Amino acid sequence: MLKIELLDSTHDRGGFDCGGEPLNRYLQQIARQHIAKGISKTFVLVDEDATPPKPVLGFFTISLCQVLGQQVPAKWTKKLPEQIPAMRLGRLAVATSHQSAGYGKALLVEALLRIGLVADLAGGVGLFVDAKDEGAAAFYKRFGFEPTGAALTLFMPMETIRRLAAT
Ligand SMILES: CC(C)(COP(=O)(O)OP(=O)(O)OC[C@H]1O[C@@H](n2cnc3c(N)ncnc32)[C@H](O)[C@@H]1OP(=O)(O)O)[C@@H](O)C(=O)NCCC(=O)NCCS
């Protein structure tokens with residue numbers, strides 16, 4: 001059965017290939033250090049019945065962030081302070097062997113659920129993502145991410161997150 005869990009030593013990161021070397025390298029060399037240092041959390045999609053180390057089929061990375069009001073689309077910034085707490089979807093990727101099977105969407109929905117939980121406890125106006133290219137941006141926009149002032153930086157307000165997470 002497929003499961004999304006926090007990256008740890010039982011996962012095989014070495015064989016992961018999403019077609020993007022920086023994303024592969026992040027998972028293989030940096031993600032666990034960032035978890036250990038409290039910088040971000042990386043969650044992986046695995047088949048829980050696989051023999052350990054379980055191959056990683058996909059992953060996403062989330063972290064806290066703080067942005068300036070001007071980085072948020074204008075319609076969401078009314079009466080907000082200059083510095084605004086938010087969350088960041090740092091990375092999301094699916095192994096090329098498993099793309100176009102709904103795993104990217106499943107990972108995004110799980111990320112949104114977790115972002116909603118963080119917001120319940122500590123606030124946050126929404127989720128930012130830096131798409132790596134126009135193709136990735138198209139994927140995110142499909143789910144309701146909105147353009148910001150910066151070309152490939154997209155934003156999803158908390159009310160959209162709550163609506164999507166509830167469906
Ligand atoms: C982008 C990526 C995460 C999508 O994952 P995936 O598992 O292939 O996508 P899914 O099968 O879950 O697709 C979900 C929906 O999004 C659509 N979709 C997928 N990629 C898309 C794209 N680039 N643009 C627009 N829509 C896209 C699918 O058609 C599908 O639509 P449907 O629900 O109507 O069937 C994956 O292709 C990937 O890892 N690419 C390389 C790394 C990358 O670009 N990551 C983005 C982070 S910067």
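Of the 20 residues around the ligand, which come nearest? In this predicted model, they are V94, G102, G104, K105 and R142.

A polar side-chain atom of R142 lies 2.4 Å from an oxygen atom of the ligand. G102 takes part through its backbone: one of its N or O atoms is 2.8 Å from a ligand oxygen atom. How much of the ligand does the protein bury? Taken alone, the ligand exposes 910 Å², and the protein buries 71% of that area.

The shell around the ligand draws on several elements. Those that give two or more residues are β6 (83-94), α2 (103-122) and α3 (134-142). The most comes from α3, which gives 6 residues. By class, the shell holds 12 nonpolar residues. Another 5 are polar and 3 are charged.

Where does the ligand sit? The ligand is found in the largest pocket. Rolling a probe the size of a water molecule over the atoms shows where empty space is left. For the largest pocket, that space comes to about 560 Å³. The pocket is lined by 28 residues. Closest to its centre are L92, A93, V94, A136 and F139.

Five elements are named for the lining. α1 (21-36), β6, α2, β7 (126-130) and α3 each give two or more residues to the lining of the largest pocket. Which element gives the largest share? That element is β6, with 6 residues. The lining divides into 15 nonpolar, 7 polar and 6 charged residues.

Two features of the backbone complete the description. Most residues other than glycine have a negative phi, and most peptide bonds are trans. Against this background, P52 and P53 are joined by a cis peptide bond. The omega angle there is about -5°. P53 lies in the loop between β3 (41-47) and β4 (54-55). Where is K79 placed? K79 belongs to the loop between β5 (58-68) and β6. The strand β6 also gives 6 residues to the lining of the largest pocket.

Terms used:
Residues numbered from 1 in each chain as written. Predicted model: local features only at pLDDT ≥ 70, side-chain atom pairs only at ≥ 80, totals over all residues. Heavy atoms only, no water. Near = heavy atom within 4 Å. Polar contact = N/O pair within 3.5 Å; in protein donor to acceptor, adjacent residues only side chain to side chain. Areas by Shrake-Rupley, 256 points an atom, 1.4 Å probe, with all protein chains shown as cover. 1 Å grid on protein atoms, 1.4 Å probe; cavity = no way out; pocket = protein on both sides within 12 Å on 5 of 7 lines; lining within 4 Å. Sits in = over half its atoms within 2 Å of the grid points. Helix = DSSP H or I, 4+ residues; strand = E, 2+ residues; numbered from the N terminus. Nonpolar A, V, L, I, M, F, W, Y, C, P; charged D, E, K, R; others polar. Points joined across faces, edges and corners; volume = space filled by probe spheres on them.
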